[in-house]
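These are my notes from a look through one model. I kept to charges, pairings and a few backbone angles.

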Amino acid sequence: MNLYDKNTLKNEKHYDKLYAKINIQKILKKIEKLEDFINDVTQTDTSWVGLYHGRFQNQLKGKKVLELGCGDCTNAAVMAAYGAEVYANDISRKSGEIIKKLNANYKFKSKIKFIEGDFLKSEINNDFYDIVVGKAFVHHLTNEQEIEFTEKIVSILKSNGVVRYFEPAVNNKFLDYLRWLTPVPGRPSILQKEKFKKWKINDPHPERDNSSKHYEEIGNKYFKETKIVPIGSIERFHRILPKKYSRGFRRFAFRLEKKLPNSLNLSITRSHLIEYKHPKKTIAK
């Protein structure tokens, strides 16, 4: 079995187990009070602040949107509730089961379509999608897989199409080292050598380049426009605070970050929004 297949199988097993526990009713409650939900999470929760930066919800109505790594399907449901024609892909078949239940229990203008399994093996028409999104998805791919995904995305996007990723960023080696030192729920500190070694074996994230510079290089090669927005340069420090202060600090931190120079934000950011526009349909290999 090659590295590609090993990484894919590892992800499939991990997420089959994780998504089997998803509570459909919680997702339905979120989209039934859609504006309240979005107004809250886009001020507080890092991945939502990132992916919906610049009121992304206003770009969705009537658009064909492909979500890669749809996971627990909350974001797919939100986009469909905003009027997008959503095609959701995941390596886990459990995501497809979630989508069936969502479609059966909510009147989306256009039902969510599930694309099961390996995206690279899926048959998709060229120039079909307006938008491709990935919410904390790309860092589960090896850098080699990322190139293959990008080349296929270029072919299936319309000429004015957009790719929008929210991903963790590693732009500062010292801060990244501190991150590994600090234990979090489900992941021990790197100082706990035996526990960390055991965790690492089961970790679905491959060793890869997650820097903003890396994403910028990919974007510049395959798209006419590339934009990187740092998200979480100050917010990342909420983990050192008592839990009761965390949510309020995060809201404050996201507001404060907007006032910092972009170069400073990029150097210390925890994550980033990556936006690619207008795919280059002819690229020299």
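I began with the positive surface patch, which Lys26, Lys29, Lys30 and Lys33 form in this predicted model. I looked up Lys29 and found it in helix α2, residues 24-32. Its relative accessibility is 60%, so I noted Lys29 as exposed.

Next I turned to salt bridges. I noted a count of 15.

I picked out Arg251 and Asp40, whose side chains meet in a salt bridge at 2.4 Å, N to O. This pair links distant parts of the chain, with Arg251 in helix α11 (residues 243-257) and Asp40 in helix α3 (residues 34-44), 211 residues apart. I have Arg251 as partly exposed at 24% relative accessibility, and Asp40 as partly exposed at 27%.

I then checked Arg179 and Asp176, which form a salt bridge at 2.8 Å, N to O. They sit 3 residues apart in helix α8 (residues 173-181), so about one helical turn separates them. Arg179 is partly exposed at 29%, whereas Asp176 is buried at 17%.

I also looked up the salt bridge between Asp203 and Lys200, at 3.7 Å, N to O. Asp203 is buried, with 5% relative accessibility, and Lys200 is partly exposed at 26%. I noted one network as well, in which salt bridges with shared partners join Asp40, Asp45, Arg247 and Arg251.

Ala136 is not a glycine, yet its phi is positive, about 55°. I placed Ala136 in the loop between β4 (129-135) and α7 (143-156). His278, also not a glycine, has a positive phi of about 60° and lies in strand β7, residues 271-279.

Note on methods:
Residues numbered from 1 in each chain as written. Predicted model: local features only at pLDDT ≥ 70, side-chain atom pairs only at ≥ 80, totals over all residues. Heavy atoms only, no water. Helix = DSSP H or I, 4+ residues; strand = E, 2+ residues; numbered from the N terminus. Patch = residues over 30% accessible without salt bridge, like charges linked within 9 Å, V, L, I, M, F, W, Y side chains within 5 Å. Areas by Shrake-Rupley, 256 points an atom, 1.4 Å probe, with all protein chains shown as cover. Salt bridge = Lys/Arg side-chain N within 4 Å of Asp/Glu carboxyl O. Lys, Arg positive; Asp, Glu negative; His and termini not counted. Charge placed at Lys NZ, Arg CZ, Asp CG, Glu CD. Buried < 20%, exposed > 50% of the residue type's maximum accessible area, 1.4 Å probe, protein only.
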